[in-house]
Amino acid sequence: MTTKSFGQRIKRNEDPQLLTGRAQFVDDVHIPGMLHVAFKRSDYAHARITGIDLEAAKSMPGVVAVYTAEDLGDFWQPSPLLVPPPPAEHVVFNKRTSGQLARSKVRFVGEAIVMVVAESRYLAEDAAETIIVDYEPLDAVVGLEAALTEDSALVHEDVGSNIGAHVIQRKGDYDTARAQADLVISRRLLYDRGTAAPMETRGVVAHYDHLARHLTVWDSTQAPIPIRNGLAAMFGLSERQVRVIAPFVGGGFGPKVMMFYPEETLVPWAAIKLERPVKWIEDRLENFYAMTHERGQLHDSEIALTKEGKILGVKDVFLHDTGAYIPYGLTVPINTQCTLLGPYVVPHYYTEFKALFTNKTVVTPYRGAGRQHGVFVMERLLDIAAKELGMDPLELRRINFIQPEQFPWCNEIIYQDFTKLTYDSGNYEPVLDKAMRMIGWDEWRQNEQPRLRAEGRKVGIGLVMYVEGTGIGPYEGARVQVETTGKVTIVTGIGTQGQGHYTSFAQIAADALGVPMKDIYISTGDTGQFSWGVGTFASRGAVVAGSAVYSAAQMVREKALKQAAEHLEASEADIELVDGFAQVRGAPGARVPLATLAASANPLRGAVRPGTEPGLEATAYFGPQMGTTASGAHAMIVEVDPETYQLKILKYVVVHDCGPLINPLIVDGQVHGGVAQGIGNAFYEQLIYDETGQLLNASFMDYLLPTSTDVPRMELGHEETPSPLNPLGVKGAGEAGAIPVGPLFAQALEDALIDSGLEILEIPLSPSRLWELVEGGDA
Amino acid sequence: MKPAAFDYHAPTTLDEALALLAAYGDEAKILAGGQSLIPAMNFRLAQPAILVDINPVTTLVGIHAEGDGGLRIGTMTRQRTVEHSDLVAARAPLLAETMPHIAHPQIRNRGTFGGSLAHADPASELPAVAVALGMTLRAQSTRGERDIDATDFFQGLFATALEPDEMLIEVLIPALPARTGTAFAEVARRHGDYAMAGAAAVVTLAEDGTIAACKLVYLSIGDAPVESHSAASALLGVIPTDEAIRAAAEAMEQDIDPLGDIHATAAYRRHLAKVLARRTLASAVARARN
């Protein structure tokens with residue numbers, strides 16, 4: 001009997017290839033005659049371009065072409081708006097996206113101005129260095145509040161202000177709730193985030209075959225199919241004349257779902273125009289400037305409660321930094337609005353934001369995608385309220401939980417998928433209880449912490465809760481085929497950037513078809529293999545594509561059972577699929593290999609019966625009516641060096657509920673990676689801009705990613721509350737690790753430094769900043 | 001992030017290398033371990049016309065015991081070799097203690113002992129330790145050889161006493177006097193990062209337990225290694241109690257004027273300097289007593 005794969009801790013199929021350096025990434029694509037690209041990028045955050053001198057560059061040996069915006073002709077177009085604004089109650093949206101190369105004005109440092117194509121990257125960079133751009137510098141818009149002042153420079157003059165968007169959403173009537181409150185907490189909170197810093201930077205290789213009239217593009221993207229569709233339209237080609245391949249991708253985290261980046265359209269354009277293959281691989285310096293960021297939000301927030309600690313309402317008004325353009329619409333701040341409410345009953349909610357244009361790199365979703373900001377606000381307000389009420393902070397959370405029988409729970413405001421924010425299912429108390437048990441909350445509070453404090457050690461504990469909207473539509477698809485060898489192929493359109501799809505999708509199909517994992521081949525991210533899909537983002541791969549794989553595999557199973565019943569002259573109900581065979585239950589001798597069934601479904605002579613299709617194969621699509629809502633708790637014990645304010649994380653616990661786990665090993669890995677990025681966000685990573693809009697730390701020397709010595713071993717626990725929205729009951733797990741780490745640090749550090757009366761209202765922190773907050777250091 | 005074009009020479013003898021430096025002077029840059037130079041070239045912050053790769057010059061490699069109890073280390077000795085050397089551990093424990101703080105093992109595998117000194121990054125560990133231990137840096141050119149005291153060698157931000165045609169060939173480390181203890185500590189954001197502040201302390205006790213000699217030298221506090229003479233004078237001739245060490249750390253403050261940067265404000269850096277003074281002096285004293 002084949003063991004069930006679903007739910008097993010199975011090692012990832014793809015890892016031997018990845019770990020031995022035998023996986024293809026974009027930079028591994030080498031085509032004879034290939035040219036290489038370098039860009040001349042803006043040195044200024046905000047300036048008018050008054051002249052560009054290309055003479056020296058054009059005459060350099062090995063330089064094939066040099067293009068400015070003027071040279072692009074009609075091809076120069078502002079990029080499409082990827083996500084339109086949601087149909088919320090009050091929405092102002094000023095769509096501004098960038099053309100491929102800056103024309104008359106640059107709006108952030110690193111914006112591409114000139115494209116150089118040469119025989120090697122070295123020569124291209126040499127030529128780019130000789131290009132002289134004449135600038136008329138303008139004041140840079142950097143700070144959020146400063147961007148709104150009367151005399152601020154304008155990133156887009158024609159907008160008339162720096163407001164990219166203004167959105168108001170509400171549930172109930174906050175003002176009335178506030179009037180009835182026993183306690184109102186108001187704070188100003190700042191939450192800043194950094195760059196995703198994927199191990200593999202962006203990269204594009206394009207090859208146009210003029211004889212076959214076919215364009216192939218290798219792109220380190222999370223969304224190959226929409227890229228294919230867009231490129232086909234741009235170049236006047238049929239979608240079948242364009243193949244986009246996202247091979248192995250060394251981390252996406254959100255910024256690689258942004259499109260179109262200028263380089264993504266310019267490289268294929270040059271390949272067609274020059275009749276040569278063209279490659280551009282983003283270097284790390286470019287990645288800091290030109291791949292999208294996430295960044296700061298400034299919140300003025302209020303929570304109104306009864307004296308018993310019941311939440312009456314929340315009001316949150318914030319400024320969101322969207323950078324120089326707003327190509328991804330409002331996904332990040334909408335996520336902030338929607339995730340803020342967390343696992344709590346909040347009867348009345350007023351939420352308003354302004355997304356502001358600044359002279360900085362564009363902001364689009366990065367793992368968590370605005371959810372961090374919202375969770376920080378809510379969890380901080382609850383911590384402060386607990387202190388004011390003299391309540392245990394966890395008890396305050398507990399008495400406000402949405403109860404299991406209250407699902408589906410509708411929060412009424414509009415979510416990023418344009419449906420009313422509705423939690424499908426959840427059960428929060430067991431998550432809290434398990435996290436408390438695993439971190440040893442009571443023992444710590446009663447014995448351990450007092451003992452360590454008596455020794456003079458600054459030790460603190462924290463525990464925070466969150467929900468995460470995951471698994472949104474619109475749809476994904478998959479084709480499952482049993483080949484005549486008996487091997488199974490699964491193809492799907494979503495790309496893979498480390499999520500383990502090669503394994504988890506195989507597990508789903510293995511169970512349906514009774515075939516061993518090793519006999520399943522998976523193709524993702526190649527539009528030549530599957531033509532329909534959206535992309536890998538918003539923790540949706542397992543939920544949406546995974547459900548499509550499940551449905552397609554079930555359809556193939558039905559076909560196989562039907563065929564086997566005929567072949568074995570038995571009833572369909574008596575057939576089981578085991579180890580690559582269809583057999584009659586209880587009569588193991590009566591069996592036929594799936595390979596035989598596949599072969600007979602694909603005859604070379606004779607006839608396929610009317611009303612049937614050839615092949616033991618099926619294609620299915622899955623489009624959820626709305627997203628699934630995962631939840632969790634993170635807890636931490638931390639020690640602070642009382643003199644240097646350096647940290648040591650003594651224990652870190654995550655309890656997570658993303659429904660049934662397809663592969664616990666993969667989910668654990670997702671959580672580990674997320675927590676690492678969360679720790680980076682909370683205490684190490686920050687993009688630091690000066691007042692002229694220059695990014696001061698565009699290298700891994702100064703932009704501090706947490707290393708293996710900074711990320712502790714984690715203890716993970718899982719609860720499994722199934723989703724009613726898909727056949728597998730699964731919810732997304734991609735971002736959970738990263739989301740609540742900021743408020744967890746804040747709570748645990750306040751506890752560790754309790755004598756100082758410190759109140760933490762900002763993330764990220766650092767030893768220097770902590771010392772400053774506690775000691776009031778800098779005069 | 002590709003370097004600008006350059007001419008590349010790989011001499012196999014010291015004489016050939018020195019001849020190239022004599023011929024090209026300022027235009028040439030010596031490539032030793034390349035752990036600072038190559039990134040700077042890839043950023044095009046450094047664009048030397050000529051690279052003189054001295055990796056083939058094997059005579060510059062080695063750790064030698066000197067008759068007086070000191071050490072002589074060839075400049076092309078890899079940092080990792082110094083870190084793992086029993087001879088260094090026995091004769092220059094301060095150096096042995098410091099080595100693991102220099103970046104990461106991968107970098108120390110390539111990075112050289114002399115390269116770090118000649119690069120004179122004020123945030124790097126070896127220049128401060130060179131001053132603390134009173135090392136002598138031996139330079140050679142086609143014009144001849146000369147010895148430079150570490151105190152005179154480091155002249156500012158990436159600036160040394162070396163002339164453009166000179167190469168650092170070896171470093172002499174004097175023997176530690178009896179009843180001497182040493183200590184190194186630094187505070188970095190992550191292990192292996194350039195420190196926000198670091199300190200090396202060398203303390204020699206007289207037979208009566210008072211301090212006979214003391215050196216406290218900082219990295220990442222100024223534009224070169226910063227020696228606190230005030231801390232040293234505060235301790236000279238006194239019994240190094242916790243109180244005395246605390247007072248020395250207070251006295252140290254007048255010797256420094258640190259700047260702020262994105263990782264540490266000036267005030268925090270000043271605070272760290274005080275903490276490090278206390279920690280390194282106390283542990284150097286404890287070791288001197290053993």
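**Figure 1. The loop of chain A that holds A:P408.** A:P408 sits in the loop that runs between α11 (393–398) and β17 (409–414) of chain A. In this predicted model, the peptide bond leading from A:F407 into A:P408 is cis, and its omega is near -5 degrees.

**Figure 2. The loop of chain A that holds A:F418.** A:F418 belongs to the loop between β17 and β18 (420–423) of chain A. Although A:F418 is not a glycine, its phi is positive, at about 70 degrees.

**Figure 3. The loop of chain A that holds A:P764.** This residue is placed in the loop between β30 and α19 of chain A. The peptide bond from A:I763 to A:P764 is cis, with omega near 5 degrees.

Figure 4. The volume of the second largest pocket is about 750 Å³. Its lining comprises 34 residues, and those nearest the centre are A:L190, A:D192, A:Q686, A:L687 and A:I688. The greatest contribution comes from α19(A), with three residues. Sorted by class, the lining of this pocket has 15 nonpolar, eight polar and eleven charged residues.

**Figure 5. The largest cavity.** Six cavities of 30 Å³ or more are found in a search of the whole structure. The largest cavity holds about 220 Å³ of space. It is lined by 24 residues. Nearest to the centre of this cavity lie A:S98, A:F108, A:P262, A:A290 and A:V362. Of the lining residues of the largest cavity, 13 are nonpolar, eight are polar and three are charged.

**Figure 6. A salt bridge between A:K279 and A:D27.** Side chains of opposite charge can pair when their charged atoms come close. Over all chains, the structure holds 72 salt bridges. In the one between A:K279 and A:D27, the closest N and O atoms are 2.9 Å apart.

**Figure 7. The interface of chain B and chain A.** Contact between the two chains involves 26 residues of chain B and 35 residues of chain A. Together the chains bury about 2600 Å², and carbon and sulfur atoms account for 55% of this area. Between chain B and chain A, 18 residue pairs are in polar contact, counting pairs with both residues at pLDDT 80 or more. On the side of chain B that touches chain A, helix α12 (residues 266–289) of chain B gives the most, with seven residues. That side of chain B has 14 nonpolar, five polar and seven charged residues.

Figure 8. Five salt bridges are found across the interface of chain B and chain A. A:E643 forms a salt bridge with B:R278, and the closest N and O atoms of this pair are 2.4 Å apart.

Conventions:
Residues numbered from 1 in each chain as written. Chains lettered and ligands numbered in written order. Heavy atoms only, no water. Contact = heavy atoms within 4.5 Å. Buried area = accessible area lost by both parts, 1.4 Å probe. Salt bridge = Lys/Arg side-chain N within 4 Å of Asp/Glu carboxyl O. Polar contact = N/O pair within 3.5 Å; in protein donor to acceptor, adjacent residues only side chain to side chain. Helix = DSSP H or I, 4+ residues; strand = E, 2+ residues; numbered from the N terminus. Nonpolar A, V, L, I, M, F, W, Y, C, P; charged D, E, K, R; others polar. 1 Å grid on protein atoms, 1.4 Å probe; cavity = no way out; pocket = protein on both sides within 12 Å on 5 of 7 lines; lining within 4 Å. Points joined across faces, edges and corners; volume = space filled by probe spheres on them.
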